Amino acid sequence: MTEIRVPALSLVVLVGVSGSGKSTFARKHFKPTQIVSSDHCRGLVSDDENDQAATPEAFDLLHHIVGVRLRRGLLTVVDATNVQWKAREALVALARSHDVLCDAIVLDVPEEVAVARNASRPDRDFGSHVIRRQRNDLRKSLSKISRDGFRRVHVLRGGEIDDAVIGYEKAWTDKRELTGPFDVIGDVHGCASELETLLATLGYQDGVHPGGRTAVFVGDLVDRGPDSPGVLRRVMGMVERGTALCVSGNHEQKLVRALNGRKVRVAHGLETSLEQFAREDDVFTGRAKAFMEGLISHYVLDGGRLVVAHAGLKEAYHGRASGRVRSFALYGDTTGETDEYGLPVRYPWAEEYRGRAMVVYGHTPTTHAEWVNNTICLDTGAVFGGRLTALRYPERELVSVPAERVWYEPARPLASRGREPDVLDIRDVTGDRYVETSTGTVKIREENATAALEIMSRFAVDPRWLVYLPPTMAPPETSKKDGYLEHPDEAFAEFAAAGVTRVVCEEKHMGSRAIVVLARTPADAQAKFGVEGTGTIFTRTGRPFFGDLQEEFVAGLREAFAPLLEDSPWVVLDGELLPWSAKAGELIRSQYASVGAAAGAALPVVVTALEAAAGRGLDVGPVLDRARRRESNAARFREAYARYCEPVSGVSGLRFAPFQILACAEGATAVTRPHDWHLDRLAAVTHPLVRATRHTYVDLEKEDRRQAAVDWWTALTDAGGEGMVVKPVAHPGGRVQPGIKVRGPEYLRIIYGPDYLESLDELRRRFLGRKRSLALREHSLGIEALSRLAAGEPFHRVHEAVFSVLALECEPVDPRL
Amino acid sequence: MTISTTREPATDLGFLLHKHPDRVQEFPRAFGVAHVFYPEATDQRCTAALLLDVDPVRLARTRGRTTPDFSLGQYVNDRPYAASSLLSTAMAEVFRTARSGRCDARPELARSAIPLEIVLPALPCRGGPTLARRLFEPMGWDVTADPIPLDPAFPEWGDSRYVTLTLKGELRLADALNHLYVLLPVLDDAKHYWIAEDEVDKLIRAGEGWLAAHPDLTLITRRYLNRRTALTRAAFARLAEVGDDEEETLEPPAEEEVRIPLNTLRRDAVVETLAELQARSVIDLGCGSGQLISALLDQGVPKITGVDVSAHTLMIAARRLKLDRMGSRTRERVDLFQGSVTYTDARFAGYDAAVLMEVVEHLDPPRLPAMERVVFGAAKPTYVLVTTPNAEYNPRYANLTGLRHPDHRFEWTRAEFREWAGSVAERYGYQVEHRPVGDDDPDVGSPTQMAVFVKEGSA
């Protein structure tokens with residue numbers, strides 16, 4: 001048995017003449033989807049697998065398929081003769097361009113065997129001279145194939161071909177099986193004493209953490225500082241005991257070369273290390289050299305969720321192997337230019353980073369470790385008198401100790417990296433998208449994203465404030481009760497059927513849905529949202545509520561919610577802005593009041609005319625009755641909208657009625673807490689600007705409690721209320737609606753028209769499915785946005801979820817639901 | 001609607017209308033019922049009433065999403081109460097024979113002018129009572145149009161768009177009916193749901209003998225026929241940039257002699273500057289309906305890309321530029337795609353010049369740094385041209401209060417623009433030069449101001 005070991009992610013190039021059994025070999029050892037065959041591609045572009053004239057196009061296709069697979073990180077096998085150097089060269093270059101390794105497997109069979117096999121296949125009509133020519137090419141190739149650029153060339157002859165088995169070699173960088181927890185430690189640069197202090201602070205005792213944590217060093221252990229050998233001694237010891245991992249830094253690379261006697265420019269602190277090593281014995285120096293030479297470019301840890309590389313690593317390079325991957329990991333993405341201090345200008349790859357894996361790195365000293373798109377640089381310039389910093393993973397907690405002194409003068413002043421400008425990329429939002437949420441993936445269609453992009457760009461508030469958009473809410477199943485389109489019974493029944501035992505009924509304010517984001521101070525706003533100001537209020541589509549009044553109103557809200565801001569430097573609140581006329585004045589006048597005016601002018605005339613006709617003895621009875629009913633309906637319609645109109649001047653007259661704390665700095669997402677928590681906390685806020693949300697809890701298992709809630713709703717709506725929202729006190733998860741709105745019969749006149757009760761049967765045929773599904777999807781996305789916000793995920797990740805809510809809102813649904 | 005006459009015997013109105021005064025008749029319509037009855041019928045005075053009972057639910061359900069006027073799809077609708085085109089078509093059919101002027105029983109009467117009084121209690125009237133008078137008076141009507149307040153409970157809301165219309169006059173009944181048939185939808189000026197193929201013929205037939213001589217012929221035909229193209233118009237009206245041409249309709253300054261519209265001057269200035277800079281590839285960020293693209297195509301610029309945040313606007317641009325009928329060589333020079341200047345976009349890179357023509361003032365000031373990074377930091381073309389209104393020039397516009405466009409978030413003075421441009425240039429490594437566009441007033445400068453950014457080290 002011959003075991004052929006190939007890298008788990010690689011391009012495997014089969015080499016052999018026609019009839020050497022490559023396809024059979026490939027089928028035996030690889031999945032059909034992993035094999036890309038030139039014959040198959042020839043067939044795809046010409047309908048004839050043997051049409052040699054189609055070969056150039058067939059190979060274009062083959063290279064394209066191979067390229068796509070490699071980009072997506074899939075092992076790929078090329079089944080083509082590849083007996084000529086040119087063919088192999090192209091494949092090796094293709095593998096290299098995707099930073100994957102490339103192995104060749106040569107099937108070297110005698111010419112007569114190949115000729116005989118081809119002769120037995122009716123579809124192979126070329127003569128034996130073709131095989132002979134291929135044999136010659138192969139023979140010439142075999143002597144120097146090792147120089148083609150393959151990682152390894154496996155040559156199989158005779159019985160070896162049938163006996164071979166394939167084994168896979170994991171990449172050195174692949175440590176996905178290690179799940180931590182980790183303590184990633186930034187550039188030490190010979191600061192041995194600070195390292196000991198930091199390790200102690202992290203809880204390590206003589207290089208071992210009692211909790212089983214693993215330290216991960218981002219490289220640049222040496223140079224500049226007072227005791228590089230001491231640092232190496234500590235780290236090597238930990239790596240040998242398995243309590244630490246270490247990736248290579250550029251300084252280790254250069255130090256090894258210098259210690260090996262290679263000619264290097266002694267600068268940037270190398271001189272300090274060489275001086276210190278001169279005092280060490282050969283045994284230690286040998287050990288240190290071996291250790292530093294053995295360091296690899298980067299590690300992929302914790303199932304692919306964490307990547308550690310000295311200078312960071314862009315997503316396309318994670319887990320890949322090539323010279324440029326190593327160079328990126330060690331030196332970063334340099335632009336080739338140098339700055340005024342003679343140091344290389346680095347390309348800001350992190351700003352464009354959109355990968356799911358967290359990338360932790362060092363290399364560029366800054367005053368503070370800052371998150372940029374799920375990446376963080378831990379080099380806080382310990383050797384320059386800054387701090388030595390570690391990141392606890394998965395806690396995302398920074399731990400640092402100050403430098404004992406300035407050990408080395410920096411070539412350029414330590415820049416505060418500052419918070420990166422939160423620029424979003426078009427790829428964050430466009431195209432068909434699949435957005436992951438904790439309750440499943442939500443698909444966003446391209447055309448909806450297109451519409452949302454315009455709204456977001458032109459009308460929305462600054463997207464950095466826009467951390468949430470409220471989901472739409474579905475009404476209950478349509479009621480069959482006489483005179484009702486919606487009734488609490490159906491809402492209660494639905495939740496009871498879903499296993500919910502306790503719901504809260506909240507008064508539904510008739511105003512405009514409003515999301516309020518507040519920060520305790522401008523600094524808190526800057527820290528959490530990266531934006532100037534102290535708060536904002538926006539509509540359910542992300543638009544600002546007011547022009548010039550916005551600031552004054554937000555100031556009032558900050559005063560009102562000061563108690564909440566005492567506990568948390570920032571809060572996000574969900575509520576309703578009252579009165580309705582404040583925001584919807586134009587709509588009320590052009591739509592509702594106009595209908596009322598037309599009805600008010602027309603119907604009395606109609607009634608008078610009909611009465612006159614009746615007076616003449618004409619039979620207009622039913623028509624007259626209906627006209628009178630319509631007259632009274634129109635009057636009630638006018639009353640219905642008038643209830644929600646109040647004069648507002650400036651901010652006086654405006655009220656905010658909160659019903660939920662969406663998020664605050666108390667760890668977990670507030671939104672997932674039970675509603676009694678929200679209502680209790682909000683009840684503590686009493687301020688003239690804030691209107692309380694009346695509510696009642698209902699034990700669904702008790703019939704009398706349900707009836708009491710129905711009575712509560714009836715009283716509320718009889719008094720002119722819009723209705724109520726029924727929510728499970730604690731959401732059970734799954735496909736259960738987060739809330740159901742039950743609107744009162746009078747309010748529904750505004751929605752379905754003054755005379756809607758005349759055509760109830762017709763209106764009962766309404767389709768709720770789409771609305772309900774939309775409500776669930778938007779709810780998941782909203783929660784997702786808030787959990788991403790709470791978890792401190794990068795801005796574009798929060799934006800993705802919020803943008804998706806807006807995109808879903810562009811889906812056409814019955815606007816009356 | 002009621003029609004009365006005092007011509008004795010007034011009950012002959014029944015013959016003229018072909019509806020018996022002592023009967024109550026019903027005519028089913030697609031979306032409701034039309035009733036005809038007589039509230040009074042004496043020899044001295046006879047009144048016929050046409051009551052159209054529209055069921056808004058049925059109206060909404062029968063229309064669907066292709067309704068030209070989406071408000072017709074709403075259940076909260078004035079159609080059940082207002083004398084709209086629905087009433088006009090119902091009347092046309094219910095009184096079809098009367099409208100044609102045929103009356104076998106009283107042929108003489110049908111041919112003669114009789115005293116008539118027509119009352120429409122709630123007539124939607126775009127243009128107000130004045131227009132109602134203007135349209136009906138030329139035919140000899142004595143017109144009373146009383147505006148109806150929006151809501152008596154809210155006097156501060158003012159009047160609604162409805163009037164109570166009373167027409168009095170001595171006219172042939174058939175003529176009267178034809179006047180109503182044409183002018184009700186014209187006054188309503190809402191999109192009619194009913195689009196018939198032969199709308200022009202209908203107008204000509206109903207307008208026979210009076211329309212051609214009407215002083216407001218143009219307005220009447222335009223409004224009446226607007227409905228036919230309503231589908232296309234409604235679609236595109238919604239698509240166009242909010243008030244795209246608002247600024248251009250502003251009164252030019254009194255002393256300004258040359259009346260070349262500002263947008264033309266601006267476009268020419270940009271085209272000239274690009275030619276001077278010899279830009280061979282240009283990306284127009286915020287291209288709108290593609291005027292600059294057309295001009296640059298004519299100039300022979302080899303590569304022109306238009307970007308807009310509105311997919312609808314791009315559709316209009318593609319139509320205006322006739323992209324689908326362009327020869328393949330020309331077509332290859334043009335590219336249009338949706339993008340936003342506040343989102344970095346790899347597709348923005350690689351151009352000699354980027355143009356932001358009247359774009360920055362549509363961004364909220366806090367979003368400007370994002371735009372700056374997208375354009376100057378990421379796309380980094382050699383040249384960036386930015387034009388924006390000069391706020392100092394605004395007092396020269398006679399009727400202007402506030403900003404020049406409802407969507408402008410700000411308008412800069414020359415100093416403010418210079419300050420912004422200077423700081424952007426410094427941060428991103430550009431040199432900047434300012435140029436006036438349009439008449440350069442010694443006191444307030446030019447109406448439009450332009451900044452030309454040149455990337456350092458590119459000269």
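The model is a predicted one, and it brings chain A and chain B together over a buried area of about 5200 Å².

**Around A:Thr375**
- A:Thr375 sits in strand 18 of chain A, which covers residues 375-377.
- Which side chain makes a polar contact with the side chain of A:Thr375? That partner is A:Tyr361, at 3.4 Å.
- A polar atom of the A:Thr375 side chain also lies 2.7 Å from the backbone oxygen of A:Val372.
- Leaving aside residues up to four places away in sequence, A:Thr375 touches A:Trp349, A:Ala350, A:Tyr353, A:Val359, A:Tyr361 and A:Glu370.

**Strand 30 of chain A and its partners**
- Six of the six residues of strand 30 of chain A (residues 723-728) are buried, so this strand is largely enclosed by the rest of the structure.
- Strand 30 of chain A pairs with strand 24 of chain A (residues 502-508) in the antiparallel sense, over six bridges. To find this pairing in the model, look at A:Val504, whose bridge partner in strand 30 of chain A is A:Lys727.
- Strand 30 of chain A is also joined to strand 31 of chain A (residues 740-743), by four bridges, and these two strands run antiparallel. Here A:Val725 has A:Lys741 of strand 31 of chain A as its bridge partner.
- As background, side chains in a regular strand alternate between the two faces of the sheet.

**Where chain A meets chain B**
- The contact involves 65 residues of chain A and 59 residues of chain B.
- Carbon and sulfur atoms give 59% of the area buried between chain A and chain B.
- How many residue pairs are in polar contact across the interface of chain A and chain B? The count is 17, with both residues of each pair at pLDDT 80 or more.
- On the side of chain A that touches chain B, the elements giving two or more residues include strand 21 (424-425), helix 15 (446-458), helix 21 (621-642) and helix 27 (795-809) of chain A.
- The largest share of that side of chain A comes from helix 20 of chain A, with 20 residues.
- By residue class, the side of chain A that touches chain B divides into 40 nonpolar, eight polar and 17 charged residues.
- Five salt bridges are counted between chain A and chain B. One of them joins the side chains of A:Arg626 and B:Asp53, with 2.6 Å from N to O.
- Strand pairing crosses between the chains too: strand 21 of chain A and strand 11 of chain B (residues 343-344) run parallel and are joined by two bridges. Within this pairing, A:Asp425 has B:Thr344 as its bridge partner.

**Inside chain B**
- Chain B has 16 helices and 15 strands.
- Of its 459 residues, 55% count as buried in chain B.
- Among contacts in chain B with a separation of 6 or more, 70% are between residues 24 or more positions apart.
- Which residues are buried in helix 12 of chain B (residues 291-299)? Among them are B:Leu292, B:Ile293, B:Ala295, B:Leu296 and B:Leu297.
- For reading such a pattern, an α-helix has 3.6 residues a turn, so residues three or four places apart point the same way.
- B:Gly300 follows helix 12 of chain B, and its phi is positive, near 85°.

Key
Residues numbered from 1 in each chain as written. Chains lettered and ligands numbered in written order. Heavy atoms only, no water. Contact = heavy atoms within 4.5 Å. Buried area = accessible area lost by both parts, 1.4 Å probe. Salt bridge = Lys/Arg side-chain N within 4 Å of Asp/Glu carboxyl O. Polar contact = N/O pair within 3.5 Å; in protein donor to acceptor, adjacent residues only side chain to side chain. Nonpolar A, V, L, I, M, F, W, Y, C, P; charged D, E, K, R; others polar. Pairing = 2+ DSSP bridges. Buried < 20%, exposed > 50% of the residue type's maximum accessible area, 1.4 Å probe, protein only.
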